[in-house]
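I opened my notebook for a friendly look through this one. Here is what I looked up, in the order I looked.

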Number of protein chains: 2
Amino acid sequence: MLCCVAMSRVASKTSKGKKKAEAGPKQVSLRTLAEHLGLSRASVSFVLNDSPMAQTLSAATRQRILKAAEELNYRPNYFARCLNKKRSYLVGVLVPELGEGYVAGILAGIERELLQDKYVYFVSSHQWVPKLIEETPRLLVERGADGVILVNTPLSHAMPFPTVNVGGHKKLTSVANIHLDNRAGAALALEHLAQQGHRRIAFFRGHAESADTEDRWAGICETAARLRISIDPELVVQLDKSLMPPGPSGPEEGYLFGQKLLARRKKFSALFAFNDMSAIGAMSAFRDAGFRLPEDISVVGFDDVHGAAFAYPPLTTVRQPLEEMGELAAQTLLHRIEKGARRADQILLKPKLVVRKSVALAEN
Amino acid sequence: MLCCVAMSRVASKTSKGKKKAEAGPKQVSLRTLAEHLGLSRASVSFVLNDSPMAQTLSAATRQRILKAAEELNYRPNYFARCLNKKRSYLVGVLVPELGEGYVAGILAGIERELLQDKYVYFVSSHQWVPKLIEETPRLLVERGADGVILVNTPLSHAMPFPTVNVGGHKKLTSVANIHLDNRAGAALALEHLAQQGHRRIAFFRGHAESADTEDRWAGICETAARLRISIDPELVVQLDKSLMPPGPSGPEEGYLFGQKLLARRKKFSALFAFNDMSAIGAMSAFRDAGFRLPEDISVVGFDDVHGAAFAYPPLTTVRQPLEEMGELAAQTLLHRIEKGARRADQILLKPKLVVRKSVALAEN
DNA sequence: TTAGGCATCTAAACCGGTTTAGATACAAAT
DNA sequence: ATTTGTATCTAAACCGGTTTAGATGCCTAA
């Protein structure tokens with residue numbers, strides 16, 4: 001009897017509905033399935049989850065359950081499961097803005113790692129709006145994330161849930177941090193320029209909001225001092241989002257601040273940009289102003305985003321192992337979620353200089 | 001009494017735990033909160049959700065509830081709520097690969113629209129692996145998504161949940177489709193090249209997997225016929241991911257196939273690439289081979305990705321309104337989720353030619 | 001005095017799973 | 001015949017909310 005009832009339900013799936021607002025084929029629930037089989041929900045649950053308890057059931061019953069689940073196309077309800085397990089296998093990722101090469105690189109790494117472990121992630125971007133930076137991490141967790149990865153996002157206080165910061169602020173030791181040795185990166189770039197004979201070097205100083213700005217600038221100052229290169233304040237341009245139209249920041253910013261730099265009418269033979277995007281934009285501005293690249297102005301970027309090699313001239317830059325950073329961030333987060341590790345992982349990665357064709361010997 | 005019990009629970013939050021594996025400050029549940037207030041869970045639920053039933057409670061009680069929820073920092077459990085509501089306010093997005101400019105543009109639009117409506121989305125990428133293309137949409141829904149947006153992803157059969165396809169396959173009329181008029185786009189590009197005097201034009205033909213390939217190619221053929229331009233099969237290069245290392249496809253692909261094109265040693269004065277990325281890569285290959293751009297070879301791209309303007313030479317291209325497409329996709333999906341609309345929205349957008357500097361007059 | 005009406009609040013079912021602590025039936029051992 | 005053991009399977013509590021259908025007490029009108 002039960003069998004018949006259940007079958008008719010299933011049959012209704014394929015029968016053309018006569019009611020207007022037919023809510024689609026009613027999902028088979030564990031209850032439906034159990035009734036159909038004439039078993040208890042518990043037994044069915046055991047088998048479908050391969051729980052140890054499943055071994056206490058007869059082999060025949062196990063087969064029967066598996067077969068029926070398949071036939072009725074049973075799909076467990078995700079929310080119900082999460083409600084007991086208190087685990088969602090969902091990770092939240094907060095990024096400044098999508099579409100930036102930097103972010104894309106890290107996301108690719110995160111994704112690769114997470115998918116391997118049957119996790120899924122969701123992304124949100126804060127567009128550097130303070131309110132969003134403050135609130136989104138919690139929102140992500142309230143939306144069910146088991147933990148959060150913050151990409152290059154400043155964090156004002158410890159979070160009461162597993163959190164990993166990648167490429168950002170290292171002030172908080174309570175959260176894991178995966179970041180690049182920015183000072184070393186700055187040194188690499190400056191040393192290269194110096195080696196090519198450049199002494200009058202212009203700089204893009206990073207945005208005030210960015211966590212990398214301070215370290216990278218400190219690295220520049222240290223190295224400049226060591227190499228006896230003086231930094232001319234007139235050749236230092238402060239990047240500033242508030243002067244840009246809202247939206248994802250791309251080369252436009254470099255173009256604008258490149259023009260600003262030229263407008264100061266101070267001679268320089270090289271620019272060390274804050275990142276690749278601004279470098280590419282600046283090169284465009286220089287070219288439009290009639291300079292030859294790299295003969296008249298050499299440029300060094302930072303990040304080595306996907307595409308830096310195809311800029312013109314191909315961009316010499318400091319490489320951040322972006323994908324690797326993403327992978328490490330994901331690994332660390334999963335570890336914290338699953339093992340509840342409280343140790344503060346502080347992973348510092350080394351940059352590498354990638355020499356292409358945007359730096360020429362300085363004329364003297 | 002009840003009050004005291006509840007308070008001590010809360011107090012334990014700040015007290016330093018003595019047990020090793022203290023599971024952190026026990027979340028306040030609706031039950032805790034209700035007990036603390038000496039009210040029923042129902043009453044509390046009404047007020048906190050601003051349900052009509054809340055009006056049946058006295059103003060004083062309402063205040064008391066609100067205040068207590070605030071003080072105890074009550075956060076409703078997302079899964080429990082979803083379990084009854086059968087709605088998650090979560091949308092799944094499936095893209096071919098992250099980090100592509102095309103995808104980034106669409107994602108930006110989707111995000112803007114969704115966040116406005118208090119939705120959150122999660123992303124997954126299929127890397128053109130057939131198994132993933134097939135299974136991921138369902139996986140996303142099983143993971144709790146109310147609906148799915150497919151970006152430029154072929155779809156073999158109708159899905160039993162709200163689905164919108166953007167930039168993709170238009171074969172399935174049961175799902176909503178937001179796509180570009182590819183034929184018109186191809187026409188725009190070819191007409192422009194013809195107008196500049198180009199007759200010997202090379203083409204990158206899109207990947208077999210891509211939904212845009214066929215239409216765009218059809219548009220090329222039509223327009224070429226109309227303009228009496230003959231298409232030399234030797235100047236048509238078929239893009240093919242299987243010849244590339246795995247990973248996100250960027251300009252590398254254009255570089256490789258650009259070299260392939262040159263290797264055929266057939267004269268041509270212009271290339272109409274399949275998209276901007278391949279155009280940028282090809283320009284790099286041409287330059288490395290000693291050609292001047294755009295004097296020796298003109299290039300037209302497709303998409304107008306963020307950054308096309310900063311390529312060298314700045315890329316003339318056919319603009320897809322990517323962000324707008326993303327927004328429309330999100331709007332359409334939400335409409336389907338909330339209104340359950342069954343009408344098949346088929347939205348066709350018009351491309352626009354963006355003339356920059358990668359096309360020169362053909363020498364004759 | 002008593003029924004009706006209103007304001008306020010609650011009991012309990014429900015969503016769809018997981019899991020603990022038995023229940024039941026039958027065979028072997030005493 | 002009764003106990004013990006074992007192999008199968010289940011009842012019911014639970015996760016943390018939402019929602020329906022009353023319960024309760026008090027005031028007013030007949």
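**DNA contacts**

I began at a base: a polar side-chain atom of B:Asn84 lies 2.6 Å from a base nitrogen of DNA strand D, where a polar contact is a pair of N or O atoms within 3.5 Å. This is a predicted model, with local features needing pLDDT of at least 70 and side-chain atom pairs 80 or more, while totals for chains, interfaces and linings use all residues. Residues are numbered from 1 along each chain as written, chains are lettered from A and ligands numbered from 1 in the order written, and side-chain values use heavy atoms, without hydrogens and water.

Next I checked the phosphates. A phosphate oxygen of DNA strand D is 2.9 Å from a side-chain N or O atom of B:Asn49, and one is 2.9 Å from a polar backbone atom of A:Ser40.

I then listed the surroundings: 31 residues surround DNA strand D, B:Tyr74 and A:Lys86 being among the closest (near means a heavy atom within 4 Å). Sugar and phosphate make up 58% of the atoms of DNA strand D that come within 4 Å of the protein.

**Helix 6 of chain B**

How many of its 16 residues are buried? I found 13, so helix 6 of chain B is largely enclosed by the rest of the structure; buried means under 20% relative accessible area with a 1.4 Å probe, protein chains only. Helices are DSSP runs (H or I) of at least four residues, and strands (E) of at least two. After helix 6 of chain B comes B:Lys118, with a positive phi near 65°.

Conventions: Buried < 20%, exposed > 50% of the residue type's maximum accessible area, 1.4 Å probe, protein only. Polar contact = N/O pair within 3.5 Å; in protein donor to acceptor, adjacent residues only side chain to side chain.
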